[in-house]
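Dear colleague,

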Amino acid sequence: MRVRFTWFDSIIVVFISLISLLVILPFLYIIAVSFSPAAESMSGTFYIWPKSWTLDAYSYLLHANSFMGSIKNSLIITIMGTCISLFVSITLAYAISKKYLPGRRVMLLLIFFTMIFHGGLIPNYLVVKNLGLIDSYWAVVLPAASSAFNILVIRSFFQSLPESLDEAARIDGAGEFRILFSIVLPLSKPIIATFTLFFTVQFWNDFFSSVIYINDTSRWPIQPLLRQMVAIGSSNISAEASVDASLAANLGPNVQNAAILLAMLPIIIVYPFLQKYFAKGAMLGSIKE
Amino acid sequence: MQTAMSSNRFLKYWPFYVLAAPGLIYFLLFNYLPMSGLSLAFKDYSPFKGILESPWVGFDNFRQFFGTSDFYMLLKNTLLLSLLNMVIYFPFTIILSLLINEVRLNVFKRFSQTIVYLPHFLSWVVIYGITISFFGPSGVINHYLEQWFGTSASFLVSNEWFRPLVIFQAIWKDAGWGTIIFLAALAGVNPEIYEAAKVDGANRLQNIWHITLPAIKSTIVILLLLRLGSSLDSNFMQIFLMTNSLNLDVSNVFDLYVYRVGLEQFNYSFAITVGMFKSIVSLILVVGANYAARLLGEDGIF
């Protein structure tokens, strides 16, 4: 049956197109400015096609040590964080997905309680400080290694796998670790992919924990550095602005927007992969036992 | 006999405990150990004496906190932002979901969804950077304000513009993502209901009102209650980036205050007191919201 296209449909298409345009235009503007010569980028006019294209801003950033250093720090933190988060979350979620495991309810309660009550910013800071993690990548990675929500979502995935699967493997003489690694994990690709991407995004985007836990700015990842780069000139931060002097000297809108673009580049790159999975992953979270 | 048996029961499953251990250690170390730091709310912490040796002061910190005018300012700013979120951002998400749900061209639907989900994955710093490009002193909007009207507005450093900007940012970043859960609920609606309504002569708007909206009613109620439960939480990262000395009158919320008092002025005890007040009230609100959900015949959050 052919669906008739009514005035109602056209209004909706127009509305949604407008909203999509509102989302996409800032991106196009950022891209255009970042490829413009410094003089044009200062104009403040809105355009999505530069009068002349140049890679000035990018080559400038590629040669700025503090900027490239922060990219490197971000990569290290993201890779470390993603691996550790996956490991910690999957193993715990797998254990508590076993309904026959003694002590499972206690563990569940322990995990669940953290969703509704927590020590808060300062007690967390004091713990990280007393563990001697200040100024190391671990300070950013470890406190964010997992969360109750992640564990509960992954657990509900494991519970959806048929139980007869590991019974059969057990009869064939496989140990529990063997079952997990050679049977369960290969079947769990969708959930692993979802969370790999979520964790990657989470650690790449991390801003605040590096601000509070990392005083040595040479160890800063990209987000806090980006904040200082864009805030200069907007009078939002002045006294505390401690961006590397050579970097600050040349900070036109083209360089600022190129930095914004580079800081979101990994997200844009993983987004198509992410998109394939996240709808499923997000829905898993909303399904309860 | 009994203990032998039960220890046997645990031994039998040892591989699972080995697997659970790293995760449990994480929760103990980074979620439960900090709770012990809450004791500092009842002490006058001095870094020279250490946590254990600092003297107990009972509820002095709390009395001091509730006695300041800061308390009312923080409460007002925090609640107002939550309220604005609830009456602007939240309905916007629902309307967007309904609109997307009505799109009948599947290609266009998927394309627009891809676009509106994207900002959710950007960091707040990137959003802040884009905001400055548009609303900053030499940003696009001021450029045109000057050209067309001969005036400019200090969006980022004024009290009036702080709340509208923050709400706008939240909508731009997350409204698209917020539709996922409603669209999931709508995907479960039996299409035969629409067919039946059509036979009865219902038009599209009547369909939305009588079928689509009721289908997501329970999702709306739960999300609304969740929001009520977290009324005292502000989107800290966003506020932290958008705040400055010139809009502090409206931007100072509990979370920001804790940061400023604790990590900028090193007044740990007082900051922990404020944070603890927030945590406890939030706990009560969440449990209360859940209870309310059950009273309304919904499943509740837990």
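Where chain A meets chain B, 99 residues of chain A are in contact with 92 residues of chain B, contact meaning heavy atoms within 4.5 Å. This is a predicted model, in which local features need pLDDT of at least 70 and side-chain atom pairs count only at pLDDT 80 or more, while totals for chains, interfaces and linings use all residues. Residues are numbered from 1 along each chain as its sequence is written, chains are lettered from A and ligands numbered from 1 in the order in which they are written, and side-chain values use heavy atoms, with hydrogens and water left out.

The two chains, A and B, bury about 8400 Å² between them, 79% of it on carbon and sulfur atoms; buried area is the accessible area (1.4 Å probe) that two parts lose on being put together, summed over both.

Across the interface of chain A and chain B there are 2 salt bridges, a salt bridge being a side-chain nitrogen of Lys or Arg within 4 Å of a carboxyl oxygen of Asp or Glu. The side chains of B:Arg204 and A:Asp9 form a salt bridge, at 3.2 Å from N to O. On the side of chain A that touches chain B, helix 1 (residues 7-34) of chain A gives the largest share, 16 residues, where helices are DSSP runs (H or I, at least four residues) numbered from the N terminus.

Over all chains, the structure holds 10 salt bridges. Within chain A, A:Arg170 forms a salt bridge with A:Asp166, their closest N and O atoms being 3.1 Å apart; these two residues are separated by about one helical turn, because they are 4 residues apart in helix 9 (residues 164-171) of chain A.

Best wishes
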